[in-house]
Amino acid sequence: MTYSASSLNFKQEVDQLYKFDVDNKLFEPWKRLGYGAYGAVMSYKMQIDGTISHVAIKRMINIFNDDLVAKRSLRELRLLRLFNHGGGHPNIVPLLDAFLPTNENESNFTDVYMVCRLMGTNLKQKIINMKCNGVMSTEQQQQFIQDTMRQLVAGVGYIHAGGVVHRDLKSENILVRGNDDKKINAGDVKLGDFGQARPLIDTGNQTINDTDNQIRRKPVIDTGNQISDFVSTPPNRAPELMQPNAMNDKSIDIWSLGCIFSELLLLNENNLFTANLEGTSSGVQIDNRQRDAIAARMGWNSINNGVLSFDKFKQRFQKVLPLADDNALDLLRRMLTRSPTDRITITDIAEHPYFSQNGGAVTITSPSSEVQQLLQSTDIDQIAKSTFDYVKETRNVIAQRSWNELFHQKIVQEIRFLRSGVL
Ligand SMILES: Nc1ncnc2c1ncn2[C@@H]1O[C@H](COP(=O)(O)OP(=O)(O)OP(=O)(O)O)[C@@H](O)[C@H]1O
Ligand SMILES: [Mg+2]
């Protein structure tokens with residue numbers, strides 16, 4: 001985020017984000033962990049079963065100011081709850097609890113808090129540390145990358161088996177808890193930030209609703225200052241998302257996973273595909289620049305139509321990805337395939353020689369059939385569709401109020417289910 005406001009205003013804004021309304025008899029604030037367009041995350045000390053534990057609390061702020069944010073928050077809470085049911089999955093961030101602000105009630109709350117297991121850092125930070133501290137040998141770095149990818153593939157495999165697409169896979173949204181004494185260990189790697197995630201209902205293919213796919217541009221706290229937090233197109237977005245009527249498919253996660261894989265393997269750069277966005281103002285311009293940047297880097301043209309032979313791919317990328325052996329290069333090539341239908345799937349990734357010839361294929365498990373059924377009925381658009389469409393068409397105040405009420409109830413219901421363990 002870039003803020004044009006003065007640094008003092010900026011500091012005040014950030015301080016506002018971290019004004020958490022939580023029960024201070026239960027939670028003792030510890031450290032600020034990060035913030036984004038939708039909220040802030042902070043660690044707390046708390047008593048669990050008589051022992052002191054550290055947790056991460058995510059504050060989702062002003063969720064009813066904007067219909068899309070309300071839907072996003074409900075999806076995140078519900079999907080994380082379902083993925084954590086029955087012990088969860090080792091590569092998905094554990095959701096421990098959720099609650100409303102202590103000073104607000106079930107019908108007027110504006111924020112929601114999610115309590116997650118505290119992780120050490122995010123993968124972006126971990127990669128920076130790994131590249132900077134220079135203590136690892138090449139073999140150790142390769143092992144670290146393998147180990148990280150193995151866990152990411154297991155995590156993505158689990159959500160894809162449940163029919164859900166994450167849609168925002170990037171290294172900042174991957175949480176890592178390492179054994180810091182041994183920096184060469186990948187530690188525990190878990191998928192986080194399910195704010196963009198959504199189930200694929202019925203056909204497995206859905207057109208993304210344009211507004212739903214927009215990046216939030218408004219600051220979460222509006223204090224009347226001149227703030228510009230124009231967010232660029234994330235470099236991990238699949239090329240097919242940069243055209244009208246993009247399909248919402250599992251293959252978009254595979255592209256993003258390929259971008260993370262390349263981030264791990266890159267030597268002197270952070271991203272393979274960073275467009276120069278200077279002077280761009282519209283979303284369409286950004287998309288075009290980003291798409292051009294991808295095509296130029298990949299050497300795609302109308303002749304090869306985005307499918308590079310292994311030799312061509314190797315020629316292009318071996319120098320910038322010196323940690324990649326032939327198997328790693330081949331896997332990356334298959335993940336960064338232009339056509340979503342030709343792109344490798346997560347189950348094929350799990351069995352690719354990059355893993356199978358080095359420690360064995362990755363095991364992918366599925367959520368229980370009960371959880372899968374519920375995931376498939378988690379179409380938040382559907383839940384709210386009648387009132388939502390009505391609100392949009394008529395801008396009717398009463399309809400807006402009933403929509404708000406419905407969403408307040410849905411969030412309260414999620415918290416109840418989460419606390420009781422009921423599905
Ligand atoms: N359980 C956790 N343990 C440690 N750090 C965490 C945890 N959850 C989140 N963080 C940190 O907080 C940052 C923001 O978290 P998250 O991505 O969930 O929030 P967000 O507001 O949705 O952000 P964004 O604007 O990127 O969507 C993460 O990048 C990570 O560094
Ligand atoms: Mg995030």
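Reply: Start with pairing. Two strands pair if DSSP finds at least two bridges between them. Strands (E, at least two residues) and helices (H or I, at least four) are DSSP runs, numbered from the N terminus. Here, β8 and β9 run antiparallel and are joined by 4 bridges. One of the bridge partners is L191 in β9, which stands against I174.

Me: What should I know about the model and its numbering?

Reply: The model is predicted: local features need pLDDT of at least 70, side-chain atom pairs count only at pLDDT 80 or more, and totals for chains, interfaces and linings use all residues. Residues are numbered from 1 along each chain as its sequence is written, while chains are lettered from A and ligands numbered from 1 in the order in which they are written.

Me: What is the strand order in the sheet that holds β8 and β9?

Reply: Strands of a sheet pair through backbone hydrogen bonds, either parallel or antiparallel. This open sheet has 3 strands in the order β6-β8-β9, with antiparallel pairing. β6 (121–122) and β9 are the edges; each has a single partner strand, so one side of each lacks a neighbour in the sheet. Helix α4 packs on this sheet and touches β8 and β9. Contact means C-beta atoms, placed from the backbone, within 7 Å. The direction of α4 makes about 35° with that of β9. Such angles run from 0 to 180 degrees between N-to-C directions, with axes fitted to C-alpha atoms, for helices over the stretch in contact.

Me: How many residues does α4 have, and what follows it?

Reply: The expected span of a helix is 1.5 Å times one less than its number of residues. α4 (residues 138–161) has 24 residues and reaches 34 Å from first C-alpha to last, close to the 34 Å expected. After α4 comes G163, with a positive phi near 75°.

Me: Which residues other than glycine have a positive phi?

Reply: Most residues other than glycine have a negative phi. R167 has a positive one, near 70°. R167 lies in the loop between β7 (164–165) and β8 (174–177). D193 is another case, with phi near 45°. Its loop runs between β9 (188–191) and β10 (198–199).

Me: Are R167 and D193 buried or exposed?

Reply: A residue is buried if 20 or more other C-beta atoms lie within 10 Å of its own, exposed if 12 or fewer, and partly exposed in between. R167 is buried, with 20 such atoms. D193 is buried too, with 22.

Me: What is the order of the 5-strand sheet?

Reply: This open sheet runs β1-β2-β3-β5-β4, with antiparallel pairing. β1 (27–35) and β4 (95–99) are its edges, each with a single partner strand, so one side of each is left without a neighbour in the sheet. The twist averages 30° from one strand to the next. Strands β3 (residues 51–60) and β5 (residues 112–117) are joined by 6 bridges. A56 stands opposite C116 in β5. Helix α2 (residues 67–84) packs on this sheet, touching β3, β4 and β5.

Me: Which residues touch the most others in the largest nonpolar core?

Reply: A nonpolar core is a set of buried Ala, Val, Leu, Ile, Met, Phe, Trp, Tyr and Cys residues joined through C-beta atoms within 7 Å. The largest has 92 residues; V112, M114, L152, V153, L257, F261 and M335 touch the most other members. At least three of the core's residues come from each of domain 1 (5–118) and domain 2 (121–356), with bounds from an automatic or database assignment. Leaving out residues up to four places away in sequence, M114 touches K58, L77, L95 and A98.

Notes:
Contact = placed C-beta atoms within 7 Å.
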